[in-house]
Amino acid sequence: MLARAVMADGGACEAQKRIGRVVMPGEALLLPGHAEADGERLRLAANGPQKGRLVCGPGLRRGGEGLLVTKCGLLRYRGPGSGSGGVYWVDSQQRRYVPVKGDHVIGIVTAKAGDIFKVDVGGSEQASLSYLAFEGATKRNRPNVQVGDLIYGQFIIANKDMEPEMVCIDSSGRANGMGVIGQDGFLFKVSLGLIRKLLAPDCEIIQDLGQLYPFELVLGMNGRIWVKAKTIQQTLIVANVLEACEHMTAEQRKQVVAKVLEN
Amino acid sequence: MRKRYGEARGWIGAMETEQKKCDSGDLPSLRRIVCEQGLLSRPDGSASWMQGDTSVLAGVYGPSEVKVSKEIYDKATLEVMLRPKVGLPGVYERSREQMIKKTCEAVVLGTLHPRSSITIVLQVITDAGSLLASCLNAACMGLMDAGLPMGSLFCGVTCALDADGNFTLDPTAKQEKEAQTVLTFAIDSIEKKVLMSSMKGTCSVEQLQQCVAASQRAADTIFQFYRDSACRKYSKW
Amino acid sequence: MAAASGFRTVEPVEYYRRFLKENCRPDGRDLGEFRTTTINIGSITTADGSALVKLGNTTVVCGIKAEFAAPLADSSNKGYIVPNVDLPPLCSSRFRPGPPGEEAQAASQFVADVIENSQVVMKEDLCIVDGKIAWVLYCDIICLDYDGNLLDACMCAFLAALRNVQLPAVTINEETGLAEVNLKEKIPLTIRKEPVATSFILFDTVMIVDPTAEEEDLATGMLTIVTDEEGKLCSVHKPGGSALTGAKLQDCISRATARYKEVKKLIDKVIKSVKPT
Amino acid sequence: MPLDHRRVPGPEESQSPLLFVAGGAEEEASEARRDPSALQPLFARVSLLSQAKGSAFVELSGGTKVLCAVYGPREAGGGGEARGRLVCEFRRAPFASRGARRKPSERDPALAQALQEALSAAVRLGRYPRAQLEVSALLLEDGGSVLAAALSLFDLVSACALCRRGGEWLLQPTEEETRRACAQLTVALLPSLNQVAGLLGSGEGGPPESWAQALRLGLDGCQRLYPLLRESLLRAAKAHLPLRNLQLKRGTLLHRVLQNK
């Protein structure tokens, strides 16, 4: 296996050498030449990191001379780009969602309380959603949202010390695909890692599935997927294949899709 | 067609368990370790841990909603439930729960998830010696699988001393019964310090230090196993 | 003064750290200093043995009642020792009425573990007739005032009460096969070992002995060491918390050995003062 | 009986050795005649627990030892009531009584109830809206007159127990006397107002006049106890003059009583 050479005790080693490999909590990663990085913990999605500053993403925290790993997973890195000094993060197979500002999620409305809806997003606390946070909503023109409805929205407030808050409009007040998700269709849960994989640009899984037949798909960063195809049977097939993708290699997946296509 | 598809899933399912299982082979001085992560679908993280014939199943939930009465404003509320193989948990289980809980609290970065709850449920499947150590290991693997932020890892090591002062690592139930002293430690992965210690029987100070040193060495093997197991889990990802 | 108490309320940890920097504690003690320990034995006449221990404010009473029971089938020559720690709502506002909570249960198990480990009293000594009748010692330890370091106080009260136990003489009536108790003749228990507990709290890497309740709440870990007269360890109980190196552990053991002598002397003195023989 | 999973388990059943005392019968205690209206010497201390808002310890020379603590006022659960709530708990230590050990889970709802009734008359609960005051009493050793001792822990309320034997009533019976008594009566009194706060009687007491006589005797006993308790409180109050505000509700109550006079 790949990690035999590295001491299990996580004796500090250079972050560069560990990219793409499994890192374990407690491991220290050295960052040569990034000594100017401040001790502040920055989120991957933190708006506008200063030029040249390294961002410490999920699963990592600053400490010692570099980064400390807090989650088990694969170390990822995105090189310096426009205005950013590069990003390190840990890709892990987590199932429980923790709200992050800017994430698009699928929530279930659990209660109406005055001017806000309470939405279950799978985190430790229910998110709040104002009835004004829908496209075209005004004090008079309330959106038609019922308890039990599915909501596709985005977090505008998400930090550990505050109740998370969702909206269904973008910064220019447009729905941009967000809002109440229509009737029927099928909602199910997968691991957060799979969602991230599916959301990656030109994801092979989606392309493979696209060969089967047309269907609607909503992916929430909180591990929830909503699918709707022409018939219930088709919906279930898509859902089942997606669920199974969790543990399949690309080869196996192609086989399964081919099998379904045959019929 | 639906039926056919069902078949396909069954085949995928079988393959999955086979691939996910990680096997330590025969490690020097420790019994054979087998661990499988993420085998339960309901909890946020799960692990089954076997060392020798001792087997413990861990399910981890969190960070999830917390009861108002147990809410802590600046950190997560951690709870451990230890279920014996048969019967209801008693005072013994409660005291071990407390030990495991405080060990986990020392490594889990609870301040990152204030006002939430983290629950670890440990179900004893078989007890064939070194149970507390197995529980600790299962809990750590479960926490890792749940992806909860941790400052370091920990592992449990049991050490048995016989009347002549010879020690056995990872003793079986029989060895434990015959031993004069049975010591269990939780060792952290960064500096190999002692996080938890529990003792049955009496021993001298020198013997204690000997056992600490031996456990620290054994911890390396277990941490390497943790890593191999994680590598295997992520290899096909 | 008012500013200091405000500081204490708002930033208890920082307040405490300032003291630690000067190697002392808010109550004026050194890091390695115990609070005044007083022991009073035999104060409860309805029990067969009793002791009241005060460790600073912490007050614990242990009453032992002896009864007859049939030994277990698989250990026919053994009696029973049943220790239970109770933390009633009376001792601190943190405890609610009802059955024992987690802390009380953990303390009960700790005392039970130490009894088992150290063999304070051989259970064989409690047997009256093999397979038929044996003594059960119900050791009920009740905390009256909870101000930290419960385990030390419990162990101390338990040991003192055990030494105070006077069991009535028992003979077996040949004809009826029943036990006959002679209340006039009392026999003390045979105590094999005298385990004494010493508790520490960890404040990151600093070890502090005999914590108050306030200190325990702020601490990042706890450690209890139980030693006997031969300097053997009867328990090294560390339920998680901050990590500890072997060397630090050694320091704690040395402190525990010194404490052993103090407590042993105190108990001996009290026992002697009660029975001037 | 269901197994108790929260305590270290012992054998399933056990008997008190007193049942096996050679000679069978109880030792015949010499019965000293005593003045029926005599009180047992009483030792009382207040504020001895560091954690409680107020606490007291009373010991009767007969052996009875009772410790009592008051916590609160704290926020009461449930709806907001205009009056505060008084929650009383009465526990016996498992080793408190002669004879068989009690199961530790047993509490004494009847005594707690009596305690509560007597105290609610004394505490001005209206002063603590939506709050809960908790009173817990722990009996360490039972030497008779338990309830009375517990009650006398609260400054306003002084209490006396009596027991009837044959035709006459004895004040503050010892445990021995209680066992042989056929009727018992506990009287609690608010001495400054001269009102009875609690009364608990049991057993066959005979004709009403006999009860009336008992009550008189009890009240007399209460009045005689009052100065004793008051003195111990005052002593404590003086010792902790700067702390008087903290000095439990008992301290403030005492104040009010003195003002009432």
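This is a predicted model: local features need pLDDT of at least 70, side-chain atom pairs count only at pLDDT 80 or more; totals for chains, interfaces and linings use all residues.
1. The strands under discussion belong to an open sheet in chain C, made of four strands in the order β10-β9-β11-β12. Pairing in this sheet is antiparallel. At its edges are β10 (206-209) and β12 (233-237) of chain C, each of which pairs on one side only. Direction ignored, neighbouring strands of the sheet are turned by 20° against each other on average.

2. Strand β9 of chain C covers residues 196-203 and is joined to β10(C) by four bridges, the two strands running antiparallel.

3. Confidence in chain A should be read by region. The average pLDDT of chain A is 83, and 86% of the residues score at least 70. Over residues 1-10 of chain A, however, the pLDDT is below 50; this stretch has 24 contacts in the model beyond near neighbours in sequence. Residues 34-51 of chain A also have a pLDDT below 50, and for this stretch too the model shows 24 contacts beyond near neighbours in sequence.

4. On domains, the assignment for chain A gives domain 1 as two segments, 11-31 and 54-92. Domain 2 of chain A is 103-180, and domain 3 is 186-262. Between the C-alpha centres of domain 1 and domain 3 of chain A the distance is 30 Å.

Definitions and conventions. Residues are numbered from 1 along each chain as its sequence is written. Chains are lettered from A and ligands numbered from 1 in the order in which they are written. pLDDT is the predictor's confidence in each residue, from 0 to 100. Two residues are in contact if their C-beta atoms, placed from the backbone, lie within 7 Å. Two strands pair if DSSP finds at least two bridges between them. Axes are lines fitted to C-alpha atoms, for helices over the stretch in contact, and angles run from 0 to 180 degrees between N-to-C directions. Domain bounds come from an automatic or database domain assignment.
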